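Hi there,

Here is the structure I promised to pass on to you.

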Amino acid sequence: MADIRPIRAWRYASDLNMDDLTSPLFDVVSDRQRKALYQHPFNSIHLSVPRGTATQAGALLAQWKKEGVLVQDKLPAIYVYYQYFALAGQSARFCRKGFVAHIRVHEWEEEVIMRHENTIPQAVNDRTALLEHTQLHSSPTHGLYTDTSFALERYMDEAIQSPIYETEDYQGVRDVLAVIHDAHVIRQFVSVLADKKIILADGHHRYESSIIYRQQRKQANPRHTGEEGYNFHLMYLTNTEAGDLRILPTHRLIHGIEGFSEEAVLKKLENDFIVKPVDEPDAVYDIIQGKKWAFGLLFRDNAYKVRLKPERLATLSWPFPDVVKQLDLTVMHYFVIEKALGIPGKAQRSSPHISFDRSFTDCLARVWKGEAQLALITQEVSIDEVKEVCASGYTMPQKSTYFYPKVIAGFLFSSIADHEW
C-alpha cells in the first residue's frame, strides 16, 4: 500500500516575493500566462515548463542552487497545503485540505496508485526528459486517499495556523502552505496512509514519467535497493471524504477534418441519438445538466442537444466493463467521435483533430471564430464514478476530469538526487 515519506524541500530564498514565483501547472498554463511569467527571471515556470531544452533547465536549476535562489530545508517535513476557493456563480466558500509528501512509485499493475484516465504519449516523454535532467519534481501531482475517521485533519488544521506562504493564484484561489517537522506527527501521516490505495486525481503524465524514469534507473543500477530518490514522487494528498472535491467538465473541440459537414454529422447521429435544436447556443450547457448521456453540440451557426437512445448502449462494442461503458464520456467518444466523426478509438489519444477546453465560453468563441468545426459539451464526472472506474482496473478517456482548483507550482520543489535525499 501507499508508502509516504517526509521531504527536505527546496524552497525559494526568504527575501524573494512568492507572488512573483508561483505558476500554473504545465498542462493548464496558457500561452499568454507563459509569456508573462517568463519575464520574471526566477519564476517557477522556468523549471516546470522551460522555454529551452530539459538540459538547459537542469543547468538553470544548478545555477539557482549555487546562487541561493533556492535553498534546501534542513529538516524533513510534511507540508500542509490548503486551498480556499469559490465556484463561479456560487456564494459558498470551500477549503480543500491536503498535504505534500514523497510517495513511493508503483507500477500501474500493482494497483497501489490507480489511474482513472489515459495519458498522451508525447507529454509523458517531455516530462520524463525533464525529470532526468533536473532530478527535480517541480510540482506535486494530486492523489486521493479515503479516511472516514479524518485522523490527519486535526494535525493539518493546527499547522495551517502558522503558514509559511500565503498567496492568491491565477485561479483566484487563496493558497496557504504550512510545515510539520514533529517526528511523532509525521509518523501518524505515514501510518494512516500505509493501508491506503491512492487514486491519482491529477498529474497522470508526471506520475507516468516517474514510473518510466524509475524503470530506466533501476535497470542501469546493479545495486538498486528501492530507497534511492528515483523511487519516489512528489504528491499532494487529499481525503475523498472531505466534501470539498470539485470536478469540472472538460469539453472536446473538433478541428481539421476534411470534408466536415454539419448536415453529415447530424445524419450519422440520428440513428443513435435524439437530436433537438437549441435556439440559444449559450444555454446548451445548462440544458444538458443532470441528463444521462446528454451532450451539447456547437456548430458555427447552430447548436443542438443530443441524448443517446437507451437501447443503443448495447451496441457499444468497445471491450469495457459496464461501469466504463455507461460513462457519459465513453458514450461521447464511441458514438460521436468514432462513429459520427470517423476518428477510431485507438487513434483518439494522439489525434490532431481533438483538443480540450474547460471553458464553455471559450468553446462558443472558438467555434464562432472558425477555430473549431465543432464543440462537444459534456457534464462533470462524479467522484463516485472515478472510484468505480479505478476499482474496475480500466480507465476513462483522456482529459475526463478536471479537479478544481489546480495545485500551483513554486511553493516547494523536491529533489530525487541521491546526495540531496
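Below are my notes on the salt bridges, the nonpolar cores, a pocket and the cavities.

Please keep in mind that this is a predicted model.

**Salt bridges**

Searching the whole structure turns up 16 salt bridges. One of them pairs Glu 420 with Lys 65, with 3.0 Å between the closest N and O atoms. Glu 420 sits in the segment after β21 (414-415) and Lys 65 in helix α3 (residues 54-67), so this pair ties together parts that are 355 residues apart in sequence. Glu 420 counts as buried at 10% relative accessibility, while Lys 65 is partly exposed at 22%.

Another salt bridge joins the side chains of Asp 272 and Arg 312, at 2.7 Å from N to O. Here the link runs between two loops: Asp 272 is in the one between α8 (262-269) and β15 (273-278), and Arg 312 is in the one between β17 (303-308) and α10 (322-325), so parts 40 residues apart in sequence are tied together. Asp 272 is buried, with a relative accessible area of 1%. There is also a network, in which salt bridges with shared partners join Asp 3, Arg 5, Arg 104 and Glu 227.

Asp 195 and Lys 196 meet through their side chains as well, at 3.7 Å from N to O. Asp 195 is exposed, with a relative accessible area of 52%, whereas Lys 196 counts as buried at 15%.

**Nonpolar cores**

The largest nonpolar core holds 43 residues, and those with the most contacts inside it are Leu 269, Phe 273, Leu 297, Val 331, Leu 341, Leu 376 and Val 386. Elements that give it two or more residues include β11 (198-202), β16 (294-298), β19 (374-377) and α13 (383-392). The largest share, 8 residues, comes from α11.

What does Leu 297 touch, leaving aside residues up to four places away in sequence? Its contacts are Leu 266, Leu 269, Asn 302, Ala 303, Tyr 304, Val 306, Leu 374, Ala 375 and Leu 376. A second, separate core has 33 residues, among them Ala 101, Leu 152, Ile 160 and Leu 193.

**The second largest pocket**

This pocket has a volume of about 540 Å³. Its lining comprises 24 residues, of which Asn 118, Phe 320, Tyr 394, Thr 395 and Met 396 are the closest to its centre. At least two lining residues each come from β6 (113-114) and α11 (328-340). By class, the lining has 11 nonpolar, 8 polar and 5 charged residues.

**Cavities**

How many cavities of 30 Å³ or more are there? The count comes to 3. The largest cavity contains about 140 Å³ of space, and its lining includes Arg 127, His 137, Arg 206 and His 233. Two or more lining residues are given by each of α4 (121-134), β7 (136-137) and α7 (204-220), and α4 has the largest share with 4 residues. The lining divides into 3 nonpolar, 7 polar and 2 charged residues.

About 60 Å³ of space lies in the second largest cavity. Among the residues lining this second cavity are Tyr 81, Val 100, Leu 177 and Phe 411. Its lining has 9 nonpolar, 3 polar and no charged residues.

Happy browsing, and best wishes

Definitions and conventions:
Residues numbered from 1 in each chain as written. Predicted model: local features only at pLDDT ≥ 70, side-chain atom pairs only at ≥ 80, totals over all residues. Heavy atoms only, no water. Salt bridge = Lys/Arg side-chain N within 4 Å of Asp/Glu carboxyl O. Buried < 20%, exposed > 50% of the residue type's maximum accessible area, 1.4 Å probe, protein only. 1 Å grid on protein atoms, 1.4 Å probe; cavity = no way out; pocket = protein on both sides within 12 Å on 5 of 7 lines; lining within 4 Å. Points joined across faces, edges and corners; volume = space filled by probe spheres on them. Nonpolar A, V, L, I, M, F, W, Y, C, P; charged D, E, K, R; others polar. Core = buried A, V, L, I, M, F, W, Y, C linked by side-chain atoms within 4.5 Å. Contact = heavy atoms within 4.5 Å.
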